Amino acid sequence: MRAEIIKQDGNEVTMKIFDELTEEDKSRYEINGRLFAVVELFDPDSITNEQRRHIYALLGDFEEYTGYTLESAESLFKVKFMHHEMLDELPSLATNQMTKTMASKFIEYLVIWFIQNEIP
């Protein structure tokens with residue numbers, strides 16, 4: 001759920017919620033009549049939804065051409081990219097886990113690899 005923190009007064013926070021909290025959501029997550037949340041601050045340098053869509057579109061093209069599943073293709077290229085960039089761990093496409101710069105490098109890596117390996 002996306003929200004903006006409007007005000008903080010000690011340990012109380014007022015938030016503006018951008019996504020609708022449905023009655024189904026409330027009944028699913030309610031504990032003794034209360035709703036709890038984990039608040040993670042958004043990093044403005046985090047991978048964008050558009051970058052994530054580009055990555056998955058490229059992986060989808062690879063899936064279509066080779067027959068690899070999308071999940072297998074994602075794992076394969078994360079490992080290849082990790083070795084290429086000499087990263088200590090597999091990159092994550094989750095929000096706040098990959099920077100915009102790293103996402104751009106990953107997209108560039110995929111495009112170059114596809115060209116070199118004649119993946120349409």
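**A walk through the helices and their core**

The chain has an average pLDDT of 94, and 100% of its residues score at least 70; pLDDT is the predictor's confidence in each residue, from 0 to 100. This is a predicted model, in which local features need pLDDT of at least 70 and side-chain atom pairs count only at pLDDT 80 or more, while totals for chains, interfaces and linings use all residues. Residues are numbered from 1 along each chain as its sequence is written, and side-chain values use heavy atoms, with hydrogens and water left out. Confidence is lowest in helix 1 (residues 23-29), with a mean of 91, and highest in helix 4, at 98. Helices here are DSSP runs (H or I, at least four residues), numbered from the N terminus.

Begin with helix 2. Its 18 residues reach 25 Å from the first C-alpha to the last, close to the 26 Å expected at 1.5 Å a residue; the expected span is 1.5 Å times one less than the number of residues. Its buried residues are Q51, R52, I55, L58, L59, G60 and F62, where buried means under 20% relative accessible area, exposed over 50%, and partly exposed in between (1.4 Å probe, protein chains only). These residues pack against helix 3 and helix 4; contact means heavy atoms within 4.5 Å. After helix 2 comes G67, with a positive phi near 90°.

Helix 3 (residues 70-84) has 15 residues and should span 21 Å at 1.5 Å a residue; its end C-alpha atoms are 21 Å apart, which agrees. Its buried residues are A73, E74, F77, K78, F81 and M82. They lie on the same side of helix 3, because they cover an arc of only 160° around the axis; the arc is that of the directions from the helix axis to the C-beta atoms. An α-helix has 3.6 residues a turn, so residues three or four places apart point the same way. The cover over the buried residues of helix 3 includes helix 2 (49-66) and helix 4 (100-116).

Not counting residues up to four places away in sequence, F114 touches L58, F62, F77 and I119.

Aromatic rings come next. The whole structure holds nine aromatic pairs; rings of Phe, Tyr and Trp (its six-membered ring) pair if their centres lie within 6.5 Å, and planes under 30 degrees apart count as stacked, over 60 as edge-to-face and the rest as tilted. The rings of F77 and W113 have centres 4.9 Å apart and planes at 80°, so this pair is edge-to-face. Since F77 lies in helix 3 and W113 in helix 4, the pair ties together parts that are 36 residues apart in sequence. F77 counts as buried at 0% relative accessibility, and W113 is buried with a relative accessible area of 18%. F62, Y68, F77, W113 and F114 form one aromatic cluster.

Most residues other than glycine have a negative phi. N32, in the loop between helix 1 and helix 2, has a positive phi near 50°, and at 76% relative accessible area N32 is exposed.

Terms used
Helices (H or I, at least four residues) and strands (E, at least two) are DSSP runs, numbered from the N terminus.
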